[in-house]
Amino acid sequence: MNVINNTINRLNSFINEVPERFNQIPADELVFKKSPGKWSKKEILGHLCDSAINNLSRFVRAQFEEQPFELTPYAQDDWVRVNHYNEMNTVELLNYWVIVNKQIVQIITNIPEEKLAGTIVFGDDAFREDKSEKNLLWLIEDYVVHMEYHLKQVF
Ligand code: NI
């Protein structure tokens, strides 16, 4: 399944590199919020955990639920707020992020090619301008692009 190998390799590199780099950041910097409405570095990593479990669910359901699979948004700020990531032990937060992403690698490594081509549509409440049809492969690639965007904010 060459078409998805690049994405899996990038995801595996992040899984291998992020914990050590994150642990090098001083604890006070990890929890610092520029303003009450801005996420700290720890909350950004928490947001990536929320993204991981929400997308894990999508990558699973898109393979057997009614087609086309409709992408529904999740309330990102509420998820970060309710999870209290700034109060969480940093090692446990990193373990959580690693474990969910390893399971995502396990899932996406085994998606048959015809399922990767399955159509994804966006509901009216989707947080996006471009609501043209996409496919499951695009959704998986977009997951890693989003991760990379936020990791650049942290490092
Ligand atoms: Ni985000």
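**View 1. Surroundings of Leu93 in the predicted model.** Setting aside neighbours within four places in sequence, Leu93 is in contact with Lys42, Leu45, Gly46, Tyr85 and Met88, where contact requires C-beta atoms, placed from the backbone, to lie within 7 Å. This is a predicted model, in which local features need pLDDT of at least 70 and side-chain atom pairs count only at pLDDT 80 or more, while totals for chains, interfaces and linings use all residues. Residues are numbered from 1 along each chain as its sequence is written.

**View 2. The largest nonpolar core.** The largest nonpolar core has 23 residues, and those with the most contacts inside it are Leu45, Leu48, Cys49, Ala52, Leu93, Trp97 and Ile140. Such a core is a set of buried Ala, Val, Leu, Ile, Met, Phe, Trp, Tyr and Cys residues joined through C-beta atoms within 7 Å, a residue being buried if 20 or more other C-beta atoms lie within 10 Å of its own. At least two residues of this core come from each of α1 (2-23), α3, α5 (90-109) and α7, and α7 gives the most, with six residues; helices here are DSSP runs (H or I, at least four residues) and strands likewise (E, at least two), numbered from the N terminus.

**View 3. Packing of α3 against α7.** Helix α3 (residues 41-61) packs with helix α7 (residues 136-154) at an angle of about 175 degrees, their axes being 10 Å apart; axes are lines fitted to C-alpha atoms over the stretch in contact, and angles run from 0 to 180 degrees between N-to-C directions. That angle makes α3 roughly antiparallel to α7, a term applied to angles over 145 degrees. By class, this contact has nine nonpolar, six polar and two charged residues, with Asp, Glu, Lys and Arg counted as charged, Ala, Val, Leu, Ile, Met, Phe, Trp, Tyr, Cys and Pro as nonpolar, and the others, Gly among them, as polar.

**View 4. The open three-stranded sheet.** Three strands, in the order β1-β2-β3, form an open sheet of mixed pairing, two strands being paired if DSSP finds at least two bridges between them. The edge strands, β1 (69-71) and β3 (134-135), each pair on one side only. Strand β2 (residues 119-122) runs parallel to β1, joined by three bridges; Glu70 has Val121 in β2 as its bridge partner, and Leu71 stands opposite Phe122 in β2. Between β2 and β3 the pairing is antiparallel over two bridges, with Asn135 in β3 as the bridge partner of Thr119.

Conventions. Angles under 35 degrees count as roughly parallel, over 145 as roughly antiparallel, 65 to 115 as roughly perpendicular and the rest as oblique. A residue is buried if 20 or more other C-beta atoms lie within 10 Å of its own, exposed if 12 or fewer, and partly exposed in between; C-beta atoms are placed from the backbone. Two residues are in contact if their C-beta atoms, placed from the backbone, lie within 7 Å.
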